[in-house]
Amino acid sequence: MNLKRYLLLYVALWKNSVTREMSFKGNFLLWIVVELLWFGLQLSFVGVLFRQTQVVGTWNQWQMVMLVGASNFIQQVYQAFFLTNCTNLSELIRTGKMDFLLLLPVNTRFIVSLRQVDLGAFINALFGLCVMIYAAAKLQLHPGLLTVLGFGCLCFVGVLIHYSLMFMLAAIGFWTVRAQGIVWGYYNLFNIARMPDEAFHGVFKAMFTFALPVLLVSNVPVCLLADKLVSPAALLSLLALGLVWAAISEWFWRFSLRHYTSASS
Amino acid sequence: MRKYLYVINIGIQSNLTYRFNYLARTLFSFIPLFAMVSLWRTVYAGGGQEHSGYDQAQIIFYYLLVAVVDVLTAVNEDDWQIAADIREGNISQFLLKPVDYLTYRLCLFVSGRLAYVAMAALPLALFIFCFRSNVAPPASTEAMLAFLISLVLTALLQFFTSYAMAMLAFWLLEISTFIFILFAFEYLASGHLFPLDMLPPTLQHILAFTPFPYQMYFPVSIYLGRMTGPALAGGLLIQLAWVAAAYLLARFMWHRGIKKYAAFGG
C-alpha cells in the first residue's frame with residue numbers, strides 16, 4: 001500500500017519535470033548538446049592517447065572507449081535522477097524551503113532526492129550506451145544474457161554509490177550553508193571514474209577504491225563485460241562498498257537533519 | 001584612473017571573502033591533474049621513450065604548466081556575473097556613472113586572479129614540488145620574456161572572449177549553455193586535455209586559424225622551447241591580433257546590446 005503511494009507520488013513528480021522541461025524546449029536541447037560535446041571531448045582524448053600508444057596498462061583502445069562510454073552512461077543515469085536534487089539541497093537549506101518539505105507526510109529523503117528529473121540526461125545516457133555497444137562490436141564481444149544482466153546490476157550499484165557520496169557531501173550544507181563548492185568538487189571525481197584503475201597506485205588508488213570508490217564504479221562493470229575480470233574480489237567489493245556507503249549516507253543524513261535550523265524569521 | 005584602482009582593491013577584498021571556496025577548488029582540481037599524470041606514466045611504462053616528441057618528464061611538466069597558466073589566466077565566474085548584471089539590470093548604473101563597464105569588469109577580473117593566485121599559490125607550489133624531478137627551467141631568457149608577454153595576452157584574450165560571450169545576455173535569458181559550449185571547445189582546442197602537437201597534422205593546421213591555441217597552448221609551448229625564432233615572433237603578433245579582435249567584438253556587442261537594453265525596476 002505504502003509502496004503504491006510512493007509510486008503514484010513519483011509519477012506526479014515525473015509529470016511535473018516533463019512540464020518544466022518542455023517550457024524551455026530550446027534550452028532543453030542545448031543542454032543535451034553541451035553534455036554530448038563533453039562526452040565527445042573524452043572520446044577524442046582516448047583517440048589522441050591511442051595515437052601515441054597501443055595499450056594503457058592492459059587496456060586497448062576499444063576497451064578504453066568502452067570504459068569512457070560506461071562511465072558516461074552511469075554518470076548520466078545518476079544525473080537524470082539525482083544530480084539536480086543534490087545540488088539543490090544546499091539551496092533548500094539556505095533559503096529555509098526545507099521547512100516545507102519536512103512538513104510533507106512523506107519520507108523527507110525521498111522527496112529531497114527525487115523531486116526533479118533531468119530528462120535530457122536520459123538521452124545522453126543513451127549515447128553512452130551506443131558508444132559501448134559500438135566498442136563491444138569492435139572488440140567482437142558476445143556477452144551472454146547473464147553477463148549483460150550482471151553489468152546492469154553493477155551499473156545500478158555504481159549509480160547508488162555516486163548518489164550516496166554526493167548526497168552526503170550536499171548534506172554538509174547543514175553546517176556550512178554554502179555547499180555548492182563541495183558538490184562541484186565531486187564533479188572532479190567523475191574524471192577519475194573514466195580512467196583504468198591500473199593507472200593508479202598506492203595511497204591514491206586505495207583512497208579512490210575504498211574511501212571514495214569512484215574508481216570501481218565504471219571499471220568493474222566494464223571488466224565484467226570485456227572479460228577482464230581476474231577474480232570476483234573486485235565485483236564483490238563493489239557490491240559491498242555500495243551497501244556500506246548507502247548505509248553511511250543514510251546515517252549521515254539523519255544525523256545532519258538534526259542540525260537543521262530553519263533560515264527564516 | 002584612480003577610480004579603477006579602487007575597483008581592483010574592492011575586488012580583491014570581496015574575492016578573498018570566498019578564500020575557502022578558492023582553496024577547495026584548487027585542492028579538488030589536483031585530483032584530475034594527478035590522475036592525468038598517472039595515466040601518462042602508465043603509457044610510458046608500457047614502452048616508448050618518446051611520444052610526439054615528449055618524454056615522460058616533459059609530458060608531466062606540460063600538464064603542470066597548464067595548471068599554472070590556468071590559475072593565472074582563466075576566467076572564473078566573470079562571464080556569469082556579467083550576464084547576471086545585464087539580466088538583473090545592474091548595468092543601468094554604469095550608463096549613468098563615468099565608469100566604463102568593460103574596464104570595470106577587467107579590473108574585477110584582475111583582482112579575481114590576484115586573489116585566486118594568493119590562495120592557490122601555496123598548494124600548487126607544494127603539488128609541483130612533489131613532481132620537481134620533471135620541472136624544467138624556461139628554454140631560454142628570451143623564451144621566459146616571451147612567455148610572460150604571452151601570458152598577459154592569454155589572460156586578455158580569455159577575458160575579452162568571455163565578455164563578448166556574456167553580452168549575449170542582452171538577447172537571451174539563459175546563456176549558461178553557450179558558455180559551456182564555448183568552454184568545451186576551449187578545453188579541447190586550447191590544449192588543456194593534451195598537447196596540441198599530438199593531433200593529426202591536418203587538425204593542427206585547422207586549429208592554427210582559430211584563437212583557441214592562443215588561450216593556453218601557445219604560452220606553454222613558448223616556455224617549453226617548442227616555439228622559437230620567427231614562429232615565436234609571428235605567433236605573438238597573431239596572438240595580439242586575436243586579442244584586438246576579441247576586444248573589438250566585446251565593444252561591438254556591448255554597443256549593439258545597449259540599444260536593445262531595457263531596464264526593469266529601479
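Axes here are lines fitted to C-alpha atoms, for helices over the stretch in contact, and angles run from 0 to 180 degrees between N-to-C directions. The model shown in these close-ups is predicted.

**View 1. Helix 3 of chain A packs with helix 6 of chain A.** Helix 3 spans residues 61-95 of chain A, and helix 6 spans residues 119-138 of chain A. The angle between them is about 160°, and their axes lie 8 Å apart. Angles over 145 degrees count as roughly antiparallel, so helix 3 of chain A and helix 6 of chain A are roughly antiparallel to each other. Helix 3 of chain A makes a left-handed crossing as it passes helix 6 of chain A.

**View 2. Residues in the contact of helix 3 with helix 6 of chain A.** Helix 3 of chain A contributes A:W62, A:V65, A:M66, A:G69, A:A70, A:N72, A:F73, A:Q76, A:V77, A:Q79 and A:A80. From helix 6 of chain A come residues including A:A121, A:F122, A:N124, A:G128, A:L129, A:M132 and A:K138. By class, this contact of helix 3 with helix 6 of chain A holds 15 nonpolar residues, six polar and one charged.

**View 3. Helix 3 of chain A crosses helix 11 of chain A.** Helix 11 covers residues 214-225 of chain A. Its axis and that of helix 3 of chain A come within 9 Å and cross at roughly 125°. Helix 3 of chain A and helix 11 of chain A are therefore oblique to each other. Their crossing is right-handed. On helix 3 of chain A, the residues are A:M66, A:L67, A:A70, A:S71 and A:I74. They meet A:V217, A:S218, A:N219, A:P221 and A:V222 of helix 11 of chain A. Seven residues of this contact between helix 3 and helix 11 of chain A are nonpolar and three are polar, with no charged residues.

**View 4. Chain A meets chain B.** On chain A, 29 residues are in contact with 28 residues of chain B. Helix 2 (25-52), strand 1 (55-56) and helix 9 (180-193) of chain A each give two or more residues to the side that touches chain B. Helix 2 of chain A supplies the largest share of that side, 13 residues. By class, the side of chain A that touches chain B has 18 nonpolar, nine polar and two charged residues.

**View 5. Confidence in the predicted model.** The model scores ipTM 0.88 and pTM 0.90. Chain B has an average pLDDT of 90. In chain B, 98% of the residues score at least 70.

Note on methods
Residues numbered from 1 in each chain as written. Chains lettered and ligands numbered in written order. Predicted model: local features only at pLDDT ≥ 70, side-chain atom pairs only at ≥ 80, totals over all residues. Contact = placed C-beta atoms within 7 Å. Helix = DSSP H or I, 4+ residues; strand = E, 2+ residues; numbered from the N terminus. Nonpolar A, V, L, I, M, F, W, Y, C, P; charged D, E, K, R; others polar. Parallel < 35°, antiparallel > 145°, perpendicular 65-115°, else oblique. Left-handed = near helix turned anticlockwise from the far one by under 90°. pLDDT = per-residue confidence, 0-100.
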